[in-house]
Amino acid sequence: MPIETLPSGQRAWQRRTMLARLARWAAWMVGVLVVVQCWQIMNADTIWEFVYDAPAQGADLLGRMWPPRWSVLDRLWWPLWDTLNMATLGTALGVVLGVPVAFLAARTTTPSATIARPIALLIIVSSRSINSLIWALLLVTVMGPGVLAGIIAIALRSIGFIGKLLYEALEEIDERQIEAITATGATGAQRIAFGFVPQIMPTFAGISVYRWDINIRESTVLGLVGAGGIGLQLNASVSRLAWPEVTVMFIAILCTVAVSEWVSARVRAAII
Amino acid sequence: MNATVPAAPRSWRPPPFIANPWLRLSIYGGTALYLALALGTLEVNWARVAEGLVRGWAFVAAFGSPDFTSRWDEIYEGMVESLTMTVVSTVLGVALALPVGLGAARNLAPLPVYLVCRGIIAVSRSFPEIIVAILFVKMFGFGPLAGMITLAFATIGFMAKLLAEDLEDLDEAQVEAIRASGASWPQLMVYAVQPQVLPRFIGLSVYRLDINFRESAVIGIVGAGGIGATLNTSFDRYEFGTSAAILILIIAIVMIAEYSSGIIRKRLQ
């Protein structure tokens, strides 16, 4: 326990040793320096004239956004249906592709820990580190604008999410049940079907619904890069500076997100 | 003589996942109906997709030979911008999330403060980052400042919500012990509350740093600075080599960040 002798000769308890305190101080110093340096770099690229009139700009924007032009709602039902489809079909495709990846990545089920597992983990990391908007940007360039690009973008992003959570669940499985199934002479496929699947089924359903909820949120904006859905209308209205229409779309997006969150919370509560 | 007695027709099936048969059948039926409707209304321009396959293959091939050199200056600039945006926005967002999180904990804040802070959290969490970025770009002009403010705004909601939840699960015994010693409100915060929530809060901040970097790659698409703008340009120019290089860099940085944040979080707990 670090004890320091005060000038008066008294011995006082300290929480940390001198060295630890110096190390902490140095770490803080470095941290602050990094932040200041980053701020400087960022400032160099900022046009401050634009920033100074930001409050005025903001007020102006709000003024132009109100009142909302509700008539635009008639044009929004079809894009909303597209948005829902992108999220749902994308999630379904992501599940179909993500589940095998999870089985390859989990230590308990992988056929080979030296080849298949690292590849599966790499697929999971790549899919997770790239946002679905970037996937959409890529796919729109490749296969043209439309809902299909959105579905595939959502699916590609979901593989990593579902794969990661599912393989973690597979690794935390109760080994005794697998052993019992193996002891009856079950084949590999039977072990998976009767040993693993029943144990991870609730987790799997929860993960899928949770990802569907996130995907609804993400598919509302995929249209910004041309992948269909309500984002496409939003992009068109923003480009035309039709701010009253933008307000209606914001409200539509908010309602969609709120409903999907409610549904997913209800379903997950029912499962667990 | 050898009348073989057929084995008793015993077969076992695992119980279905959804026990209620009516619910199960209606879920299956509903799913089938939905799939038919959704796939039926899907508008796909297959000719365009087929045309794109060649380009898709060119892109996959580009991952084999990513082109870091020909646009290196732009990639470097975008990456530096993204990283600086990430750092500043996380620090600013976390600093602002502290008071908001404190105010949003029902056991520490009076009702009016609680409602205001919960409102801030709800607003910040309900919009996707990119939509917030559109508004901030209009307000603050193009460039990393708008992006930084967007990310800081999103960070506030994320961190404040989790902090408030932690604070509401506080161990009351410790708070009471400190209060019994005659501590004032600031002393209560420092000696009773802070030690209980700080490790997790720091861990979450590191995690948020991670998220902010990933998001910073996206919001550049709408003009909020960072690597997203460079990436968007490279797609527009069909320079798949450069795009592949940028994506590889993003994946690498996220991997490094995730790995080191995992180590930091493990050491804190």
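What radius of gyration does chain B have, and what would a compact globule of 269 residues have? Chain B has 27 Å, whereas a compact globule of that length would have a radius of gyration near 18 Å, the value being taken over C-alpha atoms and the globule rule being 2.2 Å times the number of residues to the power 0.38. The model is predicted, so that local features need pLDDT of at least 70 and side-chain atom pairs count only at pLDDT 80 or more, while totals for chains, interfaces and linings use all residues. Residues are numbered from 1 along each chain as its sequence is written, and chains are lettered from A and ligands numbered from 1 in the order in which they are written.

**View 1. Helices and extent of chain B.** Chain B holds 10 helices and zero strands (DSSP runs numbered from the N terminus, helices being H or I of at least four residues and strands E of at least two). Along its principal axes, the C-alpha trace of chain B spans about 95 × 70 × 35 Å.

**View 2. Interior of chain B.** Of the 269 residues in chain B, 40% are buried, that is, 20 or more other C-beta atoms, placed from the backbone, lie within 10 Å of their own.

**View 3. The side of chain B that touches chain A.** The contact (C-beta atoms, placed from the backbone, within 7 Å) takes 47 residues from chain B and 45 residues from chain A. Helix 3 of chain B gives the most to this side, with seven residues; helices that each supply at least two residues include helix 2 (46-64) and helix 10 (240-268) of chain B.

Key
A residue is buried if 20 or more other C-beta atoms lie within 10 Å of its own, exposed if 12 or fewer, and partly exposed in between; C-beta atoms are placed from the backbone. Two residues are in contact if their C-beta atoms, placed from the backbone, lie within 7 Å.
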